[in-house]
Amino acid sequence: MATKKICLFLPKSEMEKPVIYHLVKDYDLVINIFRAKITAEEEGYLVIDVNGTEENIEKAMEYMRDSNVILNETNRGLQRDPDKCVHCGNCLSHCPTKALHIEDQRTRKIEFKEDLCIECLACVRNCPFGACYSIF
Amino acid sequence: MKNHTVFPHSMKTYEEINKKIEARKAVVLTADEIIDYVEKKGLDAAAKEVDVVTTATFGPMCSSGCFINFGHSKPKIRMSEAWIEDVLVYTGIAAVDAYLGATQLRHNDPANMYYPGDFTYGGGHVIEELVAGKKLQLFALSYGTDEYPLRELRTYFTINDLNQVIMVNPRNCYQNYNVAINCSERPIYTYLGYLKPGMKNLTYCSAGQLSPLLNDPFYETIGIGTKVWLAGAQGHVYGEGTQHCPNVERGENGVPMEGGGTLALTANMKEMIPGYVRGVSLKGYGISLALGIGIPIPVLNPDILKRTTVWDRDIYAPVIDYSLDYPQRNSHIVCRMSYEELKKNEVIINNKVVEVSSLSSYSKALEIAEIVKDDIKKGDFLLSKPIKRLPVEQGINSLVVRKKN
Ligand code: SF4
Ligand code: SF4
């Protein structure tokens, strides 16, 4: 069994399709939704965890690629711009999962462990340098 | 504190150290490296060997800004009001001179009308964009005079079009700083970030053992005229910073356990490096400017060297309740904490786990200390002897709100 975080973009043409239903029904995946949004243009964004066999996850990804769903390569809706981050550490006490954390105590650089991010966006609200942002 | 009024005796002189720098033979270490080095070599041997220790800091410094001269338009204007990217600049000086302040909000920013305000763009960001070479809009108004007839002007410019852009910061490099916590039951938004209710998190803001004035607690080498690395430009200390207050509680090592001294700095903004001049948006509070600053300390004698070996364990900061004691100017402090403790992910206060945030970037400070070290080693950065010492005995006044009579 494996878990994979994926970030989907559903263009207007795909909005009517029950994508999540197919992931569950056809590929036997357990879905955990972090964040979802439908824009005024009737486009959808979705950040989810899928849990299932590796084979089924791969097949599900193929199914989505074959339709017009756009899989964001970074697999996450929350991004940190490395050029804007100054490693101040203001986000540290706001990130609930320690996705943003310090590894090397000497340099005190703020590292971002993507797998731990639950897309709560607390860092977006608390980054004074505009380094953390959501792609939607 | 020790009542030094003259400069310290020296074993080495500025001239000798500068000669070694020019010959590219100076021995330079960062304030981070010097701790282990002195431990290993012994103080006296290290004092003979090492010529310079580099210190640095990177963090928001609200009392910053720059003087700008735009040059004259045809026909000429005597600007009475002006905005860069809709951010008001002060024009109560000569015709096309202006001062752009770091905390100025953008015109029409709703501020805290819809609390907490976002403050996404202001003076600090204009300064960042100027240094980054962006094209910016200038809009100016005037009442018109015989020799300055133009009454309105809109144009676009970059930093290269300006005659002078001189950063003039009345207060930078606070020697030490408060740690902010929230003891109340409501969330608060401060210049030290968002503080959760019930003491769930705190924020500190100092480079600790790397910070310039913590390595020279009695202002023996950092004084008026000292050359500094201000965001990549070689500038200098032009005076004591505002609120400079050496008369504070100090540890046995002489290091202030609260604010203490400050520096007024200036440098040519055309020589600055973009990444070290950054606009800051603080939700619910406003705009600021984060600056990278490096200051070399000449090792004139073993005492001076000893003070640069101060480490986070021996530097304490006061934890203050920003929901009540800070705004009400009460003298109460929650506790004192060393920077060693603060650099852990969480601390314990009154049997409660408190998560730690920081607004000062140690990683950037380290980077700057290394850059200044390399510049000195390459012979590109000479030291300057201060022309005057910063006040070593001085308190601070509060504003008395009194009736007129
Ligand atoms: S608060 Fe922003 S700039 Fe500071 S370390 Fe976190 S992401 Fe980087
Ligand atoms: S979105 Fe939330 S979990 Fe993810 S990095 Fe930001 S604060 Fe941490």
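This is a predicted model: local features need pLDDT of at least 70, side-chain atom pairs count only at pLDDT 80 or more; totals for chains, interfaces and linings use all residues.
Me: Which three residues supply 87% of the area that domain 1 of chain A buries against domain 2 of chain A?
Reply: On the domain 1 side, one trio gives more of this area than any other three residues. Those are A:K5, A:F34 and A:R35.

Me: Where along chain A do the two domains lie, and how many Å separate their centres?
Reply: The domain assignment puts domain 1 at 2-72 and domain 2 at 78-134. Contact between them takes 5 residues from domain 1 of chain A and 8 residues from domain 2 of chain A. Taken over C-alpha atoms, their centres are separated by 26 Å.

Me: Which residue does A:K5 meet in a salt bridge?
Reply: The count between domain 1 of chain A and domain 2 of chain A is 2 salt bridges. In the one with A:K5, the N to O distance is 3.5 Å, inside the 4 Å limit for a salt bridge. The partner of A:K5 is A:E119.

Me: What about the other chain: how many residues does the contact take from chain A and from chain B?
Reply: Let's start with the area, which is about 2000 Å² buried between chain A and chain B. Carbon and sulfur atoms give 46% of that. As for residues, the contact takes 21 from chain A and 27 from chain B.

Me: Which residue of chain A forms a salt bridge with B:E355?
Reply: Between chain A and chain B there are 2 salt bridges. On the side of chain A that touches chain B, the residues split into 6 nonpolar, 8 polar and 7 charged. For B:E355, the closest N and O atoms of the pair are 2.6 Å apart, and the partner is A:K98.

Me: How many residue pairs are in polar contact across the interface of chain A and chain B?
Reply: Here both residues of a pair have to be at pLDDT 80 or more. With that rule, the number across the interface of chain A and chain B is 15.

Me: Which residues come nearest to ligand 1?
Reply: There are 13 residues around ligand 1. Sorted by kind, that shell has 9 nonpolar, 3 polar and 1 charged. The ones that come nearest are A:C85, A:C88, A:G89, A:C91 and A:C127.

Conventions. Residues are numbered from 1 along each chain as its sequence is written. Chains are lettered from A and ligands numbered from 1 in the order in which they are written. Side-chain values use heavy atoms; hydrogens and water are left out. Contact means heavy atoms within 4.5 Å. Buried area is the accessible area (1.4 Å probe) that two parts lose on being put together, summed over both. A salt bridge is a side-chain nitrogen of Lys or Arg within 4 Å of a carboxyl oxygen of Asp or Glu. A polar contact is a pair of N or O atoms within 3.5 Å; within protein, one must be able to donate a hydrogen and the other to accept it, and residues adjacent in sequence count only if both atoms are side-chain atoms. Ala, Val, Leu, Ile, Met, Phe, Trp, Tyr, Cys and Pro count as nonpolar, Asp, Glu, Lys and Arg as charged, and the others, Gly among them, as polar. Domain bounds come from an automatic or database domain assignment. A residue is near a molecule or strand if one of its heavy atoms lies within 4 Å of it.
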